[in-house]
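Have the viewer open as you read.

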Amino acid sequence: MYMAIFILFAIMSIAGAIMVITLKSPVSSAIALIFVLCCIAGLFALMGALFMAALQVIVYAGAIMVLFLFIIMLLNLKDEILGEDEKKVTRVFGSILGIAFLLEIGFFVRRALTVGSESLMYPVPEQFASIEVISTGLFTKFLFAFEITSVLLLVAIIGAIMLSKGEGKTEY
Amino acid sequence: MDLIDIGITVGKVVIIFGALMGMVAYMTLFERRVIAFIQGRIGPNRVGFQGLLQPIADAVKLLFKEDVTPAGANKFLFAIAPMLSFIPTLLTIAVIPVAESSTIFGREVDWIISDINIGILFVLAVTAMEVYGIIIGGWASNSKYPLLGALRASAQMISYEVSLGLALVGLLMVTGTFSMTEIVAQQSSFLQWNIFKQPLGFLLFIIGAFAEVNRIPFDLPEAEAELVGGYNTEFSSMKFAMYFMGEYAAMISISAIMVTLYFGGWQGPILPSPIWFLLKVGAFLFTFVWVRGTLPRFRYDQLMRFGWLVLLPLALFNIFITGVIMVL
Amino acid sequence: MIEIPFINLAVIYPEIAIFTASVIVLLVDLFMKGEKQGTLSTITMLGFAAAAIIASRQWFHFETGFSDALIADNFALVFKLLFCAAGVLTLFLSVHYLNREKIFRGEYFFLILSSTVGMMILASANELITAFLGLEVMSVPLYLLAGYDKKKLLSNEAALKYFLMGAFASGILIYGIAFVYGNLGTTNFDEIYRALQGKTLYGEPLLLLGLGLILIGFSFKTAFVPFHSWVPDVYVGTPTPATAFFSIAPKAAGFAILFRLLFKAFAPMMPDITGILWVLAVLTMFAGNLIAIAQRNIKRMLAYSSIAHAGYILIALTTGTADGAKAAILYLLAYTAMNVGAFGIVILLGREGEKDLSIAGYSGLSRRHPIAAAAMALFMFSLAGIPPTAGFIGKFYIFRGAVSAGFIWLAILGVVNSLISVYYYLRVIVIMYMKPEAESDRVITYPLSLMVAIILAAWGTVQIGIFPNSWLNLVRDSVSGFF
């Protein structure tokens with residue numbers, strides 16, 4: 001049962017991911033990405049990490065992707081503007097490299113399975129993704145990382161305002 | 001898990017969803033009658049006793065209408081958009097305890113479909129997904145007004161979701177749990193209702209809730225006067241009906257959430273618990289209709305300014321003040 | 001209740017100083033009316049100065065804090081000082097340039113400062129998540145600096161390219177961190193070191209994969225070949241002072257974290273990965289130097305030369321010894337001085353709208369502007385590694401370290417590359433001194449701030465070159481406690 005659900009979500013997320021990069025219209029790609037994110041949330045939930053699953057949906061699928069879609073639809077790019085993909089060579093080359101990378105990771109994972117399963121995975125503690133464990137980690141061991149994120153967000157906000165504040169036309 | 005357990009679970013699902021769908025149907029009639037009352041009219045009262053068969057007549061009418069798909073629309077997305085709008089609203093109800101637990105066939109039955117320990121987050125997650133039905137529907141129609149409606153919807157829902165979530169943070173600080181069942185259990189008597197612990201939080205939440213379900217005064221995505229019908233302009237027949245039902249279901253489930261979080265859920269004296277739950281939800285539904293009958297619509301810039309410059313700071317202030325009170 | 005661990009703020013005092021300055025810059029920029037460039041640059045300068053003073057007073061204190069997520073040993077402090085120096089020099093370069101290009105805005109100083117905060121965190125990070133966040137705090141302002149001249153299309157292109165590449169690199173890096181964490185159950189460098197005892201890298205495929213991905217992630221930031229493709233376009237499109245900053249500070253920060261990662265956390269695995277680093281170093285040196293030869297635009301040439309210089313420092317990293325680390329720090333100090341100088345001259349000779357950047361345009365410069373030409377010649381000599389300049393000393397110690405660690409071939413290839421680089425550095429000098437004067441309406445003013453930067457850079461270049469002893473002592477102290 002567990003395995004069946006896992007395989008279902010896994011196949012759906014991979015299929016969705018392929019759709020993200022193959023679909024023509026940007027909106028469809030974004031929607032496929034939402035689908036992928038939801039499937040990943042399902043995988044989290046399957047591992048018992050309900051909190052992570054909820055966050056995945058709230059933050060990624062619910063908030064970030066809405067902004068994505070908002071921007072894509074606001075720009076409303078037509079095919080003429082996007083243009084035909086002229087650089088077929090880059091595309092082919094990129095796909096080959098991507099597949100090579102994928103095979104490489106697959107190879108490593110396979111070897112990890114054969115070399116020694118004992119050292120394969122760090123044993124996951126009980127309740128590893130409960131709200132308590134995550135928040136305790138954030139406020140003790142990873143306190144600095146948690147706090148410095150605020151600096152990162154401040155910089156990002158200032159940057160967004162700096163770039164979007166209108167100041168005349170672009171010189172070509 | 002044996003057969004009886006499965007049977008009980010299926011039974012719970014059927015009863016709760018059945019009740020929800022029935023409420024959705026009769027909510028339409030309720031709204032029309034109440035609005036008519038507010039405006040000094042009579043409202044639909046011909047089909048059946050006091051118009052009680054009106055929802056069925058409406059459903060039949062919508063079913064037999066022609067299902068038009070506009071030229072240039074993205075067929076697949078156009079077809080699934082109404083479902084995307086409808087399904088999340090149904091999902092919300094799955095984590096809300098609707099009645100006291102009772103004993104059936106010698107087993108303890110909690111009247112909640114799925115008692116997960118992150119109920120509130122689940123609600124937020126599902127609410128966050130509601131917007132996609134509108135955005136995708138508006139875009140897939142390949143039409144100008146629906147697109148404008150969709151854009152408004154996405155901007156609005158993002159803006160108000162932030163305050164909605166932050167309003168809940170105050171509540172979480174008070175209750176210390178994400179579990180809906182526990183939150184209900186904590187509010188065992190009238191004075192322990194969370195509304196008294198979080199008055200400002202509740203105010204923010206209900207404003208956010210109005211915006212989340214796109215009701216007046218926040219119904220800009222479907223402002224008839226400006227956008228024809230907004231995101232659902234191009235939809236007809238059952239697809240339109242699904243949007244319609246989605247909106248009503250959203251109203252009911254958000255009312256149920258407010259009842260659960262702030263008004264003691266199903267708890268109440270004398271009367272049986274489901275009745276209390278329905279009464280409380282009904283009061284909120286009446287409020288929704290009442291507001292629709294009395295308030296004008298916001299202008300778009302007012303909406304944004306209100307969301308970011310009033311609600312958000314107030315929500316942060318609420319968290320701050322809650323923290324101060326808890327420490328003192 | 002959870003137990004909040006003891007927070008040792010001392011470990012981030014320099015960061016706090018810089019961040020405070022950056023927030024003050026923002027507020028002053030918001031509330032001050034009229035001419036504010038002077039005030040803002042003074043605040044920025046004070047921030048850097050305060051951080052530098054604090055950092056130098058912490059010398060030999062070896063503070064750790066935040067559950068060992070951060071460590072302020074001498075190694076981190078010397079990098080913090082380097083960032084402060086780079087920041088101050090960039091500031092001197094910027095004042096005149098921003099006025100000339102009419103693109104002054106208060107955010108410029110904020111971005112430089114906040115980027116420095118990220119670099120400092122990166123230099124003292126003792127834990128992978130902290131390192132990642134430091135990298136992001138460093139990078140985001142850099143993306144924005146690249147696109148700072150937003151009316152110019154080239155600048156927009158630079159920002160977009162840098163941002164996309166950086167985002168990819170971050171993704172790869174975090175993927176690698178996930179593998180390492182999944183394998184060892186920790187992200188702390190000390191704990192990684194302990195967990196790795198008695199393991200071999202090739203016996204742990206997922207660890208190898210994780211470390212490989214982490215290396216790729218950081219290689220993007222430090223622009224090793226083949227992860228360098230963004231460098232030329234970004235360097236050309238970015239406003240020149242920011243380019244100078246890009247070529248020094250983020251690179252140094254990247255090397256700081258690589259040293260800590262490879263020499264401390266993954267020290268038991270170091271013998272297994274020298275092969276990879278060896279190849280990276282050779283590729284980086286050759287690609288940088290060979291492509292630089294073909295460049296006609298001075299900024300583009302300096303971009304490729306910066307890739308090549310990263311290759312030399314990679315040699316030091318490959319050796320895996322204390323001598324290597326010392327040589328790398330010395331080289332980074334020398335590189336800071338000479339590269340800031342070179343970019344200073346480029347700004348001095350440029351004109352509004354980023355014109356006059358072709359190397360050919362410098363022909364006959366020595367006759368009309370002998371001082372500028374002489375300074376440029378000095379920096380070019382130093383970059384080429386000709387004695388008695390800082391570049392020579394830096395290269396000398398790197399190659400000596402490689403030889404003494406047994407990497408003879410690497411040292412030979414490094415020397416070969418130095419010879420290749422002499423060609424294109426000297427070509428600039430030849431054009432300046434031996435070609436007839438070009439038809440040019442070039443008018444050079446000598447703005448004070450820019451001259452300060454160039455004089456400081458020239459002083460550093462000569463000082464390290466002729467009296468390296470005090471610098472060698474500094475470098476020796478800076479790795480104490482690290483090995």
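## Who touches whom

Keep in mind that this is a predicted model. Two pairs of chains are in contact, and chains A and C share the most contacts. Chains B and C, on the other hand, have no contact joining them; their closest C-alpha atoms sit 12 Å apart.

Now for chains A and B. Their contact draws 18 residues from chain A and 22 residues from chain B. On the chain A side, α2 (26–46) and α3 (50–75) each put in at least two residues, and α3(A) gives the most, with 14 residues.

## Chain C as a whole

Chain C has 19 helices and two strands. Its radius of gyration is 21 Å, close to the 23 Å that the globule rule gives for 483 residues, so chain C is as compact as a globular protein of that length. The C-alpha trace spans about 70 × 60 × 40 Å along its principal axes.

Of the 483 residues in chain C, 61% are buried. If you take the contacts in chain C with a separation of 6 or more, 80% are between residues 24 or more positions apart.

## The nonpolar cores

The largest nonpolar core holds 202 residues, and C:Leu122, C:Ala328 and C:Tyr331 touch the most other members. Helix α13 (residues 322–349) of chain C supplies the largest share of this core, 20 residues. Setting aside neighbours within four places in sequence, C:Ala328 is in contact with C:Phe255, C:Phe259, C:Ile313, C:Ala316 and C:Leu317.

There's also a second, separate core of 122 residues, with A:Cys38, B:Ala128, B:Phe218 and B:Ala256 among them.

## Helix α15 of chain C

How many residues of α15(C) are buried? The count is 11 of the 15, so this helix is largely enclosed by the rest of the structure. Among the buried ones are C:Ala372, C:Met376, C:Phe379 and C:Phe381. Their cover includes α12 (298–319), α13, α14 (365–368), α16 (390–404), α17 (408–434) and α18 (448–466) of chain C.

Helix α15 (residues 370–384) reaches 21 Å from its first C-alpha to its last, close to the 21 Å expected at 1.5 Å a residue. Just after α15(C) comes C:Gly385, which takes a positive phi of about 85°.

Note on methods. Residues are numbered from 1 along each chain as its sequence is written. Chains are lettered from A and ligands numbered from 1 in the order in which they are written. This is a predicted model: local features need pLDDT of at least 70, side-chain atom pairs count only at pLDDT 80 or more; totals for chains, interfaces and linings use all residues. Two residues are in contact if their C-beta atoms, placed from the backbone, lie within 7 Å. Helices (H or I, at least four residues) and strands (E, at least two) are DSSP runs, numbered from the N terminus. A nonpolar core is a set of buried Ala, Val, Leu, Ile, Met, Phe, Trp, Tyr and Cys residues joined through C-beta atoms within 7 Å. A residue is buried if 20 or more other C-beta atoms lie within 10 Å of its own, exposed if 12 or fewer, and partly exposed in between; C-beta atoms are placed from the backbone. The expected span of a helix is 1.5 Å times one less than its number of residues. The radius of gyration is taken over C-alpha atoms; the globule rule is 2.2 Å times the number of residues to the power 0.38.
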